[in-house]
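Hi,

Here is the structure I promised to pass on.

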Amino acid sequence: MNRDSIKNTFVVSGLLCIVCSVLVSGAAVGLKQKQTRNKELDQKKNILQVCGIEFTSDSIATLFANNIQRRLVDLRTGEYVKVTENGNLTVDTYSLNKVLQTDATDLEIDPAGLGGKRENHAVVFLYAKENQVIIPIRGRGLWSTLFGYVALNEDASTVSGITFFEHRETPGLGGEVDNPDWKAQWPNKAAIENGQVVIEVKKQGQVTDSRRQVDGMAGATITTQGVHRLVRFWLGEQGFGKYLARPKKIQAANQKQ
């Protein structure tokens, strides 16, 4: 057999492709569970971080379990629910991707850049020790959708912290949403007053009201505008506005261990 023949070349190439495909597929399947666990651990780490809870890599899961409660909220009513109307999702089985496919509201106005849909149900997190409520936020920046959390104080209208756990913004520019110095501006900012969202993220150097405004990121105008819009969206009527309008009810739930 001529090893240099065209037929032999195709046979060897084909076999090599099959072997490589099997190896890559096997690795992907084998690592999927580990990747899922790591993603969940990273989200728990960010929630602990935004609550101001100190942790080590070995203590994240335990601290989260001992300090953080999860609740399912109907964004249309602001009420806690145990299960969605179709009975498919609880706080333990919640999946944002699934909810967006089966249980979402079409948005006529989409300032946060959510692709025209907002989930009807979302999971919030309660930190009883400090009476904080942590809500998930997301929205379009320059290159990506930013996913994060905003923590609010007992009054459910003053920020206690913010973090972003997933994005693909430009390092050193929009990527500064990860910078602890930038995030340090957020605590104690007024977010909601008299039922209206008042917090703003301004272009760098244009802050005129330090109580309500956050200085944006240098050279990252579009990301700054994106963060401004997404934070206001989720704090407002289209997001968690109805839920946050009843801080006493939130704290009553927060005290139930």
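Glutamate 237 and lysine 242 form a salt bridge, with their closest N and O atoms 4.0 Å apart. (Salt bridge here means a side-chain nitrogen of Lys or Arg within 4 Å of a carboxyl oxygen of Asp or Glu.) Glutamate 237 is exposed, at 56% relative accessible area, while lysine 242 is partly exposed at 33%. For those words, buried is under 20% relative accessible area, exposed is over 50% and partly exposed is in between, using a 1.4 Å probe and protein chains only.

Before you go further: this is a predicted model, where local features need pLDDT of at least 70 and side-chain atom pairs count only at pLDDT 80 or more, while totals for chains, interfaces and linings use all residues. Residues are numbered from 1 along each chain as its sequence is written, and side-chain values use heavy atoms, with hydrogens and water left out.

Back to the charges. The structure has 11 salt bridges. One of them pairs arginine 246 with glutamate 79 (2.6 Å, N to O). Arginine 246 sits in the loop between α6 (241-244) and α7 (247-254) and glutamate 79 in strand β2 (79-81), so this pair links parts 167 residues apart in sequence. (Helices, H or I of at least four residues, and strands, E of at least two, are DSSP runs numbered from the N terminus.) Arginine 246 is partly exposed at 29%, and so is glutamate 79 at 26%.

Aspartate 106 and lysine 117 also meet in a salt bridge (2.8 Å, N to O). Aspartate 106 belongs to strand β3 (104-106) and lysine 117 to strand β4, so here the parts tied together are 11 residues apart in sequence. Aspartate 106 is exposed at 56%; lysine 117 is partly exposed at 35%.

Asparagine 120 is buried, with a relative accessible area of 5%. Leaving aside neighbours within four places in sequence, its contacts (heavy atoms within 4.5 Å) include Val73, Asp74, Arg76 and Asp103.

Helix α5 (221-235) has 15 residues, and its buried ones include Val227, Leu230, Phe233 and Trp234.

As for the whole chain, there are 7 helices and 12 strands, and buried residues make up 40% of its 257 residues.

Cheers

Definitions and conventions: The expected span of a helix is 1.5 Å times one less than its number of residues.
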